[in-house]
Amino acid sequence: MTSDNLTSSNSGSDKANDPSNAIDSKLSEDFKANTDSAPPSAMIHMRCLIVTQDASIIIGKGGSHVNEIREKSGARVMVSESIPGNPERILNVSGPLDAVSKAFGLIVRRINDEPFDVPSVPGSRAVTIKFMIPNSRMGSVIGKQGSKIKEIQDASGARLNASEGMLPGSTERVLSVAGVADAIHIATYYIGNILIEAQERMPSSNTSYRPSSRRPQSGSSSSYVPGYNNTPYGSSSQHHNPPQQLQTQQIYIPNDLVGCIIGKGGSKINEIRHMSASQIKIMEPGAVGVGVGGAAPSGSEGERLVVITGQPANIQMAVQLLYHRLEQEKQKQLRAQQSSSAST
């Protein structure tokens, strides 16, 4: 599949000239014709490791670059905060599958300083995206004797490589995807589609990798202590209860932002509960989450445990809404600080 086959024949509009939109259309047609796979509107949250230098490029001055990627893709894109002594940060992209895959194509273009509206050419520089995939899902991505990886490579032109070992303190492995922007866009769509199908067939438990410079606490089950200060995506552990098809996800948020989550008279938390159709409990200070096998890393000092229970898709929506609210408050505080500094 080459970029030439994916460009639109209608050159009369910006949308038609956007190679990402042409790829979206082509991918949707292929999946409708050849499979009963998840539709492009299916929701997904994909995470990858990026070096701090690339993170700065993706974010841009005052968030200009990341805001443009969000606007053009329709996906939610967030980058974890930099941790002293750790060269990598976590890039979180969530939303409908077609929007998420398009966002990764735009992210590669931004890293390469390439225009968003021009198809990749043979001379385009290849970029490697290091996706973090639950170990329980890696087999589905690889396929029998590597058949799925070969299929994705043939369809996208990207090169895929799955790590053998899991990331420290987690049940995730790295899936490296190397290619030009359009290749990454297409490969991400195929990978995301496999992950959505696998999750629908059998929801699973996963402990997410959290980069950290802190030493493990005594008695902690993980070297990577979760926390919103490390990454806006908190600590998460999921448990599957087969008879009721319910899962529980646990995240930690900073105490000083609990108020913005609850809202006046509980208005914000009730709105998120209603929109996500899930149960959300903000625990008392000092409460510790329960992980698989009874053990879970505790939050750092000044963090509060939040427990979300519901159907997998509802939990995902609740988590997105909670993090969006936290991000809004962080941006509000940042603007207030900048305004205060400018006036002094």
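Residues are numbered from 1 along each chain as its sequence is written, and side-chain values use heavy atoms, with hydrogens and water left out. In this predicted model, local features need pLDDT of at least 70 and side-chain atom pairs count only at pLDDT 80 or more, while totals for chains, interfaces and linings use all residues.

**Exercise 1.** Find the order of the strands in the open sheet of six strands, and state which strands stand at its edges.

*Solution.* 
Step 1. Strands (E, at least two residues) are DSSP runs, numbered from the N terminus. Two strands pair if DSSP finds at least two bridges between them.
Step 2. The open sheet has the order 2-3-1-4-6-5, and its pairing is antiparallel.
Step 3. Strand 2 (76–79) and strand 5 (159–162) each have a single partner strand, so one side of each has no neighbour in the sheet.
Step 4. Direction ignored, neighbouring strands of this sheet are turned by 25° against each other on average. The axes behind this angle are lines fitted to C-alpha atoms, and angles run from 0 to 180 degrees between N-to-C directions.
Step 5. Within the order, strand 1 (residues 43–51) pairs with strand 4 (residues 127–134) over two bridges, in the antiparallel sense. Leu 49 stands opposite Lys 130 in strand 4.

**Exercise 2.** Describe the surroundings of Met 46.

*Solution.* 
Step 1. Met 46 lies in strand 1.
Step 2. Its relative accessibility is 3%, so Met 46 counts as buried (under 20% relative accessible area; exposed is over 50%, partly exposed in between, with a 1.4 Å probe and protein chains only).
Step 3. Contact means heavy atoms within 4.5 Å. Leaving out residues up to four places away in sequence, Met 46 touches residues including Leu 91, Val 100, Phe 104, Phe 131 and Leu 195.
Step 4. Met 46 and Leu 195 are 149 residues apart in sequence, with their C-alpha atoms 9.6 Å apart in space.

**Exercise 3.** Identify the partners of strand 10 and decide whether strand 10 is mostly covered or mostly uncovered.

*Solution.* 
Step 1. Strand 8 (residues 246–254) pairs with strand 10 over eight bridges, in the antiparallel sense. Here Tyr 252 has Leu 305 as its bridge partner.
Step 2. Strand 9 (residues 279–282) also runs antiparallel to strand 10, joined by four bridges. Lys 281 stands opposite Val 307.
Step 3. Strand 10 (residues 303–310) is mostly covered, with seven of its eight residues buried.

**Exercise 4.** How many disulfides does the whole structure hold?

*Solution.* 
Step 1. A disulfide is a pair of cysteine sulfur atoms within 2.5 Å.
Step 2. The search finds zero disulfides.
Step 3. Cys 48 is buried at a relative accessible area of 0%, and Cys 260 counts as buried at 10%.
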